[in-house]
Amino acid sequence: MSGQGRFVSFEGIDGSGKSTQARLLYEALIGAGRDAVLTREPGGSPGAEEIRKLVLEGDPDRWSAETELLLFTAARRDHLERTIRPALAAGQIVICDRFVDSTRMYQGLRSGDLRAKVDALHDLMIGQEPDLTLLIDMDPDAGLARALRRGDGEARFESFGSDLQRRMRQGFLDLARAAPDRIRVIDGARNVDAVARDVHALVMDYLA
């Protein structure tokens, strides 16, 4: 377990609904009297939010995958130091919208095979895995269409197209098969409330 608290991450391809589910879980836990923190990656601390603007906005070719890996790791280190570890030490439940599994997919798969470098840098500079990861799974084309409709100005990765989304979906599912004790797969191709019920049930069972 992470310190005295619990660390829950949400993962999935773009448009899978994981951000919505992370927020709904946070609201449910707070409503039940639990001490929880909702955060996100990249971001979650002042320094990491500045890096978020660099990596999620602008031209698709703005950074190489290798440079992105360094930027994401820098953001994650600041997030870990300033937000995640203090919350865990205080006994809080940390709910994080994306963590290192996203880097394993986005940067690990986007340009050749950087997965070994992602894991090596993670081991060196981060050294922390979530206690529980909820993978919201859905069709890549449907997810991409949903993500592009958001129009929030953070569509740099969505602009890489459906091929990357399909590769990442399979990569996430492969991760889940490799770490079944940590990663639980939830069918995201349903209405929000149905997905939220499954999320809540899994998390409450875990916390118990």
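In the predicted model, strand β1 (residues 6-11) and strand β4 (residues 132-137) pair in the parallel sense over four bridges; two strands pair if DSSP finds at least two bridges between them. Helices (H or I, at least four residues) and strands (E, at least two) are DSSP runs, numbered from the N terminus. The bridge partner of F10 in β4 is L134. Residues are numbered from 1 along each chain as its sequence is written. Local features need pLDDT of at least 70, side-chain atom pairs count only at pLDDT 80 or more, totals for chains, interfaces and linings use all residues, and side-chain values use heavy atoms, with hydrogens and water left out.

The order β2-β3-β1-β4-β5 describes an open sheet of five strands with parallel pairing. Its edge strands, each pairing on one side only, are β2 (36-40) and β5 (183-187). From one strand to the next, the twist averages 20 degrees. Helix α7 (residues 162-178) packs on this sheet and touches β1, β4 and β5, contact meaning heavy atoms within 4.5 Å. The direction of α7 makes about 145 degrees with that of β4; axes are lines fitted to C-alpha atoms, for helices over the stretch in contact, and angles run from 0 to 180 degrees between N-to-C directions.

Helix α3 (residues 65-89) and helix α5 (residues 115-125) pack at about 25 degrees, with their axes 11 Å apart. That angle makes α3 roughly parallel to α5 (angles under 35 degrees count as roughly parallel). The contact is formed by L69, L70, T73 and R77 of α3 together with K117, V118, L121 and M125 of α5.

Technical notes: Parallel < 35°, antiparallel > 145°, perpendicular 65-115°, else oblique.
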